[in-house]
Amino acid sequence: MIIFGVAFLALCTLTGIFVGELLGKLLGVPANVGGVGIAMVLLILLGSYLKKRGLFNMETEQGVKFWSAVYIPIVVAMAAQQNVYGALSGGPMAILAGIAAVVVAFALVPVLDRIGRKPETDVAKPLTTEG
């Protein structure tokens with residue numbers, strides 16, 4: 001049933017938030033450290049494990065896909081809002097670090113593109129007709 005997929009997503013989210021809060025306390029940071037990322041990794045790992053075992057049917061997967069499609073953009077928007085607020089309140093060094101990170105990320109796009117391509121061993125040769 002679809003409700004099982006929603007429950008599975010909620011369980012992963014709550015577990016990720018709990019572990020993120022616990023990790024924050026262990027590191028001495030008064031914040032959730034990676035809770036959403038932990039929840040997403042847990043969702044992927046447990047979902048694939050259950051699917052291999054045949055315990056994760058198509059209807060359950062639809063529940064996870066629906067809420068994942070809604071959940072992930074909301075979390076990204078919330079994190080982006082917090083990052084902008086932190087940068088503006090952190091002063092010019094935080095803003096400079098953010099701009100530098102964006103510039104480096106854009107500069108690495110061609111490098112990552114070349115890494116992902118397969119080497120071309122046989123270059124296409126123009127067709128010639130003999131006759």
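**Figure 1. Overall fold of the protein chain.** Among contacts (heavy atoms within 4.5 Å) in the protein chain between residues at least 6 apart in sequence, 58% join residues at least 24 apart. This is a predicted model, in which local features need pLDDT of at least 70 and side-chain atom pairs count only at pLDDT 80 or more, whereas totals for chains, interfaces and linings use all residues. Residues are numbered from 1 along each chain as its sequence is written, and side-chain values use heavy atoms, with hydrogens and water left out. The protein chain has four helices and zero strands, where helices (H or I, at least four residues) and strands (E, at least two) are DSSP runs numbered from the N terminus, and the pattern along the sequence reads α-α-α-α. Of its 131 residues, 18% count as buried, that is, under 20% relative accessible area, with exposed meaning over 50% and partly exposed in between (1.4 Å probe, protein chains only). The chain exposes about 10,500 Å², of which carbon and sulfur atoms supply 73%; accessible areas come from the Shrake-Rupley method with a 1.4 Å probe, and for residues only the protein chains shown count as cover.

Figure 2. The 18 residues of helix α2 (residues 35-52) should span 26 Å at 1.5 Å a residue, and the end C-alpha atoms are 26 Å apart, which agrees; the expected span is 1.5 Å times one less than the number of residues. The buried residues of α2 are G35, A39, M40, L43, G47 and L50. Seen down the axis of α2, these buried residues fall within an arc of 135 degrees, so they line one face of the helix, the arc being that of the directions from the helix axis to the C-beta atoms. On the other side of α2, I44, L45 and K52 are exposed. Just after α2, G54 takes a positive phi of about 80 degrees.

Figure 3. V6 lies in helix α1 and is partly exposed, with a relative accessible area of 25%. Leaving aside neighbours within four places in sequence, V6 is in contact with G63 and W67. V6 and E61 are 55 residues apart in sequence and 9.0 Å apart in space, C-alpha to C-alpha.

**Figure 4. L23 in helix α1.** L23 is found in helix α1 (residues 2-27), and at 34% relative accessibility this residue counts as partly exposed.
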